[in-house]
Amino acid sequence: MKYDFDLENKKEARKQLTIKILITVAEVILVIFAAYAITHFGMETYTVSGQDMNPTLKEGDKILINKMSYRIHSIKRNDVVVVEQSGAEHNYYSAERVIGLPGEKIQIKEGSVYVNGEMLKEKYDFPLMENGGLALEEIILDEDEYFVLCDNRNSGEDSRNANIGNIVKENIVGKAWIRMNTIELISHLDEFSKEKETSSEKTDK
């Protein structure tokens, strides 16, 4: 009986070990799958290059892109999006602010944006544009096109420039979601207001 009892213990131990191994393998597979899903379908990080989105986003800012957002929600005006651009040598990412939506008529007159013939009431205190570029003439957006502008309106490149033009939806990587430097939602940032307050304080002094 002692022999049978030991045999049963060994069988049970082997069974428990097998279960643990299978659970570990399953966990590893799940982690790999989750990492792949997050990278390819969920989240991605992007480091801002240049001053096109200054002061909202500055060079070196690391932002988290929500790649799932536009699979669930529609792209809205004033969303900051990350766009995959095609350069002379390679593709690259850039951050832009959505101004014009599919089907709308966009024009820039006297430094301001007009949508369907009416001046757009901008969300932030953007400077008047010195150059309307392609949008000096009215632009009609197709059903999958967006007109984007950078926040640094007089120094950056955006849909006003022929090398960028209107952005098609398939080239929008996702929504610029969180500025990781300060752990703030990009949609809540108003650096224009902060700069204005700083300038006022300096003037008062």
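Residues are numbered from 1 along each chain as its sequence is written. Because the model is predicted, local features need pLDDT of at least 70 and side-chain atom pairs count only at pLDDT 80 or more, whereas totals for chains, interfaces and linings use all residues; side-chain values use heavy atoms, with hydrogens and water left out.

Secondary structure is taken from DSSP runs numbered from the N terminus, with helices (H or I) of at least four residues and strands (E) of at least two, and two strands are treated as paired if DSSP finds at least two bridges between them. Strands of a sheet pair through backbone hydrogen bonds, either parallel or antiparallel. Strand β1 (residues 43–47) pairs with β2 in the antiparallel sense over five bridges, and within this pairing M43 has N66 of β2 as its bridge partner. Strand β2 is also joined to strand β11 (residues 172–179) by four bridges, again in an antiparallel arrangement, where the bridge partner of N66 is K175 in β11.

An open sheet of four strands has the order β7-β6-β5-β8, with antiparallel pairing. Strand β5 (residues 105–109) runs antiparallel to β8 and is joined to β8 by two bridges, with K105 standing opposite I140 of β8.

A pair of aromatic rings is described by the distance of the centres and the angle of the planes. Rings of Phe, Tyr and Trp (its six-membered ring) are taken to pair if their centres lie within 6.5 Å, with planes under 30 degrees apart classed as stacked, over 60 as edge-to-face and the rest as tilted. By this rule, the count comes to four aromatic pairs. One of them is formed by Y46 and Y93, whose ring centres are 6.1 Å apart and whose planes stand at 65°, so the pair is edge-to-face. Since Y46 lies in strand β1 and Y93 in strand β4 (residues 91–100), the pair ties together parts that are 47 residues apart in sequence. Y46 is buried, with a relative accessible area of 9%, whereas Y93 counts as partly exposed at 26% relative accessibility. The rings of Y124 and F192 have centres 6.4 Å apart and planes at 20°, so this pair is stacked. As Y124 lies in the loop between β7 and β8 and F192 in helix α3 (residues 191–204), the contact ties together parts that are 68 residues apart in sequence. Y124 counts as buried at 10% relative accessibility, and F192 is likewise buried at 10%. Ring pairs link Y124, F126 and F192 into a cluster.

Charges are also placed over rings, the criterion being NZ of Lys or CZ of Arg within 6 Å of the ring centre and within 35 degrees of the ring normal. R153 lies over the face of F126, at 3.9 Å from the ring centre, and K109 lies over the face of Y114, at 4.3 Å.

The structure holds eight salt bridges, defined by a side-chain nitrogen of Lys or Arg within 4 Å of a carboxyl oxygen of Asp or Glu. Among them, E44 and K67 meet with an N to O distance of 3.1 Å, a pair that links E44 in strand β1 to K67 in the loop between β2 and α2 (69–72), 23 residues apart. K67 is buried, with a relative accessible area of 16%. R179, which counts as buried at 7% relative accessibility, forms a salt bridge with E184 (3.1 Å, N to O), and E184 is partly exposed at 27%. E191 forms a salt bridge with R179, the closest N and O atoms being 3.1 Å apart; this pair links E191 in helix α3 to R179 in strand β11, 12 residues apart. E191 counts as buried at 9% relative accessibility. D61, R179, E184 and E191 are linked in a network of salt bridges.

On the surface, L17, I21, V25 and I29 form a nonpolar patch with about 370 Å² of accessible area together. V25 is placed in helix α1 (residues 2–42) and counts as partly exposed at 41% relative accessibility. Patches are made of residues with over 30% relative accessible area and no salt bridge, like charges being joined within 9 Å and nonpolar side chains (Val, Leu, Ile, Met, Phe, Trp, Tyr) within 5 Å; accessible areas come from the Shrake-Rupley method with a 1.4 Å probe, and for residues only the protein chains shown count as cover.

Note on methods. Buried < 20%, exposed > 50% of the residue type's maximum accessible area, 1.4 Å probe, protein only.
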